Amino acid sequence: MRLKVLRADPSGNITLFVLSPVSSGDRAGLAARLMALPNTDAEQVGFVCPALEGGSGRLEMAGGEFCGNAARAFGMLIARQLGGLSQLQVEVSGCDSLVTVEIDWDQQTAQAQMPLPRAVERTRAGGQPGTLVDLVGIAHFVVEGVPPSLDFFRRAEPLFWDIAGLEAYGVIFLDAQRGTMAPLVKVPRLDTLVWEGSCGSGSLAAVIAQSQGAPDGLFVREYIQPAGVVKAAVLRQDGREVSAWIGGPVHLGPPVEIEI
């Protein structure tokens, strides 16, 4: 099978976009094969599809999840194809509304509107306090002062089991003083568990967790992650989140054809 693919690098969260048509039933297996290819360093795979809901294009992640970094990279890709637009709306799996993406071509950055949380809860895992942020389709447990480890992820994993409709979930190991975070994310449908170079939804979860109890207005943080930096912002009004976005650099490679 010959496929046309493009490697996208949004803040180090390496994503392969499959530009060739692929039936939905074949995507999970194909994604696993693509990620297993040598020298790809891909952390996830998304499939470019015809728009269904009025967007300028549609991205369906291999596990049906929503990914903020992939969304803003996809927005930049479609904007480039449409002549260099600075703003557009795209459709992304795991999100039931159009996603607005804004591109700064001079800086080679893109920012994406993000879904608001369905629930935010202070809770504990393995004896450690943290914040569980349910973003609908994906959820994260944000914990501070805990060394990143697979062992702690396993202890926190039961927190996600009773949340309806999750396509993915992760633990965000946050060092608030240094502004660093390490995201470990699982997509059960694909049976993948990845230390991501950066995580857009995880960055959003972190800024939501840190903004709890903050006064109304814009709350912004930059998170230094293993392979890049993501800026996340949430606007609070009457003690709740009313809008949110993430942004950062994006590099798009050229389309290439591969045999798989």
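What is the volume of the largest pocket?

## Largest pocket

In this predicted model, the largest pocket has a volume of about 160 Å³. Two elements give two or more residues each to the pocket lining: strand β1 (2-10) and strand β17 (256-259). The largest share comes from β1, with 3 residues.

The lining consists of V5, L6, R7, L16, L34, L37, N39, T40, G253, P254, V256 and I258. By residue class, the lining of this pocket divides into 8 nonpolar, 3 polar and 1 charged.

## Largest cavity

How many cavities of 30 Å³ or more does a search of the whole structure find? The search finds 1. The volume of the largest cavity is about 180 Å³.

## Residues around the cavity

Which residues of the cavity lining lie nearest its centre? Of the 21 residues that line the largest cavity, these are Q44, E65, V185, V187 and E196.

The lining of the largest cavity divides into 12 nonpolar, 6 polar and 3 charged residues.

Note on methods. Residues numbered from 1 in each chain as written. Predicted model: local features only at pLDDT ≥ 70, side-chain atom pairs only at ≥ 80, totals over all residues. Heavy atoms only, no water. 1 Å grid on protein atoms, 1.4 Å probe; cavity = no way out; pocket = protein on both sides within 12 Å on 5 of 7 lines; lining within 4 Å. Points joined across faces, edges and corners; volume = space filled by probe spheres on them. Nonpolar A, V, L, I, M, F, W, Y, C, P; charged D, E, K, R; others polar. Helix = DSSP H or I, 4+ residues; strand = E, 2+ residues; numbered from the N terminus.
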